[in-house]
Amino acid sequence: MKRRIEKAVVLGAGTMGSRIAAHLANAGLPCILLDIVPPDLPAGAPPAERNRIVRAGLDAAKKSRPAAFFHPSFAERIAIGNFDDDLARCAEADWIIEVVAENLEIKRQLLARVARHRKPGAIVSTNTSGLPIHLIAEGLPEEFQQHWAGTHFFNPPRYLKLVELIPGPKTLPAVLETLGDFCDRRLGKGVVLAKDTPNFIANRIGTFSMLNALRLMAALGLTIEEVDACTGPAVGWPKSATFRTADIVGLDVLLHVVKNIYENIPHDESRESYRVPALLEEMARRGMLGDKTGKGFYQRVKKDGSSEILTLDVNTLEYRPKQKARFASLELGKSIEDTRERLRALVTPILAAQPADKAQKFIWGGLSEMCLYAARRVPEISDSLADVDRAMRWGFGWELGPFELMDAIGVRAFAGQIEKEGRSLPPLLSKLLASGRDSFYTTEKGKTACFDLASAAARPVAEPPGILILKSLKDASREVDRNAGASLIDLGDGVVCCEFHAKMNAIGGDLVAMLHKGVKRLETDFDAMVIANQAINFSVGANLMLVLVAAQEQEWDDLHLAVRQFQNVNLALKYAPKPVVAAPQGMALGGGCEISLHGAKIQAAAEAYIGLIEAGVGLIPGGGGTKEMLIRANEHAAGGEDLDLFHALKPVFETIAMAKVGTSAEECRSLGFLRPADGVSLNRDRLVADAKEAALALVRTGYRPAAATPAEGAAATQIRVLGEQFLSGAKLAIHMLLRGGYASEYDAHVARKLAHILAGGALSVPQLVSEQYVLDLEREAFVSLCGEKKTQERIAHTLKTGKPLRN
């Protein structure tokens with residue numbers, strides 16, 4: 001039986017301990033954070049002094065960037081204490097997580113004390129990144145060891161998805177099930193089962209890859225920038241690539257991991273690859289540890305009032321100005337959007353014995369050695385190839401794990417080149433090829449199978465129950481309509497999903513048309529609709545290039561029509577005959593936010609970044625977003641908080657005028673983009689299924705739209721506006737922003753247009769107006785701003801640089 005986890009204790013308030021506690025608080029779990037009493041305190045020191053270390057750890061988590069908490073108020077869910085005075089509070093916990101120093105004896109001594117206080121059945125786990133799980137709990141009571149495991153979170157715990165779950169020799173299956181389910185559903189984690197081997201799965205392979213990059217850099221005579229260019233988005237890895245990642249992690253941490261692996265893998269055929277390179281030893285000796293010391297492979301310095309990034313010259317160990325890496329192959333690869341296709345293009349010259357540049361040689365050398373090493377580690381570190389791939393995707397942010405990567409290149413071509421170069425194939429690879437297979441993964445009718453070494457056969461890849469994968473549903477012929485920008489997919493149980501799949505999911509005619517089709521299908525074929533996709537971002541908003549071209553060509557009628565069509569589809573969603581639930585994840589900006597605001601409910605991913613950002617490009621929200629925020633201000637004023645409409649409108653005006661974006665779903669709620677009843681999914685893999693359930697819940701409670709048709713709703717819905725009463729206050733606020741240097745003259749111009757809409761126009765007294773009235777104000781303001789030269793300059797600059805322009 002799974003156990004309930006309702007309260008946790010975290011032992012250790014360092015970087016990882018305090019951030020794990022923060023994420024437990026994000027999940028709504030009450031948590032007690034404990035650490036040591038400061039040494040050499042005088043007798044009778046007050047609790048504030050005795051808790052100084054743990055308080056500093058929690059304060060650091062509160063101030064950390066990126067933020068550890070979804071909302072600052074969530075820190076109140078964490079109580080603090082120390083090991084001497086408060087260890088008995090472990091008896092309150094269902095889960096005790098040890099996150100103290102990576103020292104075996106320190107951990108063992110602390111856990112022996114914990115064992116005296118924990119209640120029977122309470123789970124205890126360690127966040128060690130590499131110490132043997134079985135040794136840490138060795139000698140502790142049998143019942144303790146049955147409820148003992150490793151739970152290795154990755155830093156920062158809020159953002160990195162991976163948790164490696166490592167059983168001890170006596171761990172009960174129910175304990176693993178409880179931890180796996182809680183980490184998945186409550187904490188939003190991707191859980192992989194790892195064996196109790198040095199540094200488990202992700203760090204074992206990732207560290208090998210990093211050390212191999214150092215070796216290849218020297219062999220090919222590359223610079224740090226060139227290596228990072230080869231190990232970033234070009235191969236589907238994060239922008240931090242190799243050396244920026246090392247600076248973030250810290251050279252001291254990296255060296256600890258490297259030494260731990262080297263000392264504990266006497267039988268690893270690649271053990272010498274883990275010998276600490278002389279470069280890293282010398283950098284550590286000089287205190288060049290990365291971000292924590294202000295210098296590592298990169299150094300940020302102030303020069304003439306601005307910030308400049310310098311790069312380490314590995315030959316002189318001196319810093320020099322950063323240089324752009326220039327490789328023809330990487331430039332060509334930028335035009336290939338699909339990572340698998342791009343990888344094939346980058347390594348094809350190697351496989352075809354054609355001339356290759358240094359970048360291609362580095363990429364082939366680095367990726368091929370990493371893949372071979374990963375293949376040789378199965379079944380040592382894991383029995384599951386799929387879990388190895390997941391660990392690298394979730395823990396290191398790679399788009400493809402090693403076995404997915406070999407599939408992308410082509411396993412037979414990969415193996416053929418390895419043999420041609422005189423390198424030996426791992427038994428796993430030989431066994432796969434001997435079985436007649438050409439890939440590790442196969443997909444048929446939406447079901448994925450992966451090669452299993454033990455049986456030499458394909459085994460289904462198990463997904464946790466309750467997860468809907470849109471691609472798998474489409475592969476299983478559940479797609480009921482499609483155009484270039486969106487699809488309708490049958491989710492089952494009477495729910496249809498409108499999935500966006502345009503580039504960046506920018507809103508254009510295809511998406512609008514498919515949303516209309518989805519609403520139409522609700523009349524005859526379905527009981528509810530979900531608007532969702534499983535791309536990185538829900539939608540970045542309108543297609544600004546189309547807006548800019550129309551404005552430059554002075555196609556004002558076309559712009560009016562396009563804005564009216566977008567407003568109409570949002571009204572169709574709002575007044576659909578059956579419930580529509582929007583499920584934003586990642587960025588839901590501008591028009592993406594406006595679509596979400598018009599749903600009957602929002603089920604947002606915890607990491608949803610929602611905002612009406614049009615002011616940043618010199619526009620105002622024109623698809624009904626301003627109108628919906630005006631409605632929310634009215635709801636807030638009527639909500640019994642002793643708040644009048646004027647004061648409810650002030651934060652709405654600030655949010656839109658300053659193009660504020662929530663940095664979590666909960667912050668989006670505080671900004672007004674989510675209502676109190678809207679839901680949040682911590683695991684974005686579960687978002688579509690959660691949104692489907694939210695839609696069905698609305699159906700079960702007898703959902704009825706507020707009006708029979710969108711036109712009736714837009715005409716009949718009454719919105720209270722304040723007219724000149726709000727407008728004069730907004731103009732004063734704009735004037736103060738101008739005087740304080742917080743806004744440019746053009747910012748003020750756009751803000752006055754926004755204030756005009758939120759006021760309901762130039763009305764002398766407060767009154768009720770219709771939705772359509774406010775939409776007409778939005779559309780007129782949007783199109784008039786499109787005609788302004790400064791708006792066109794801002795849009796062009798944003799399209800070119802991805803950054804807003806202050807003009």
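1. Strands are DSSP runs of E with at least two residues, and helices are runs of H or I with at least four, both numbered from the N terminus; two strands pair if DSSP finds at least two bridges between them. The model is predicted, so local features need pLDDT of at least 70 and side-chain atom pairs count only at pLDDT 80 or more, while totals for chains, interfaces and linings use all residues. Residues are numbered from 1 along each chain as its sequence is written, and side-chain values use heavy atoms, leaving out hydrogens and water.

2. Strands β9, β10 and β11 form, in that order, an open three-stranded sheet with antiparallel pairing. Its edge strands, β9 (298-303) and β11 (318-321), each pair on one side only. Six bridges join β9 to β10 (residues 306-313), and Val301 has Glu308 of β10 as its bridge partner.

3. Aromatic rings of Phe, Tyr and Trp (its six-membered ring) pair if their centres lie within 6.5 Å; planes under 30 degrees apart count as stacked, over 60 as edge-to-face and the rest as tilted. The count by this rule is 14 aromatic pairs. Trp95 and Phe182 are edge-to-face, at 5.8 Å centre to centre and 85° between the planes. Trp95 belongs to strand β4 (residues 95-98) and Phe182 to helix α8 (residues 173-185), so this pair ties together parts 87 residues apart in sequence.

4. One aromatic cluster is formed by Phe154, Trp237, Phe396 and Trp398.
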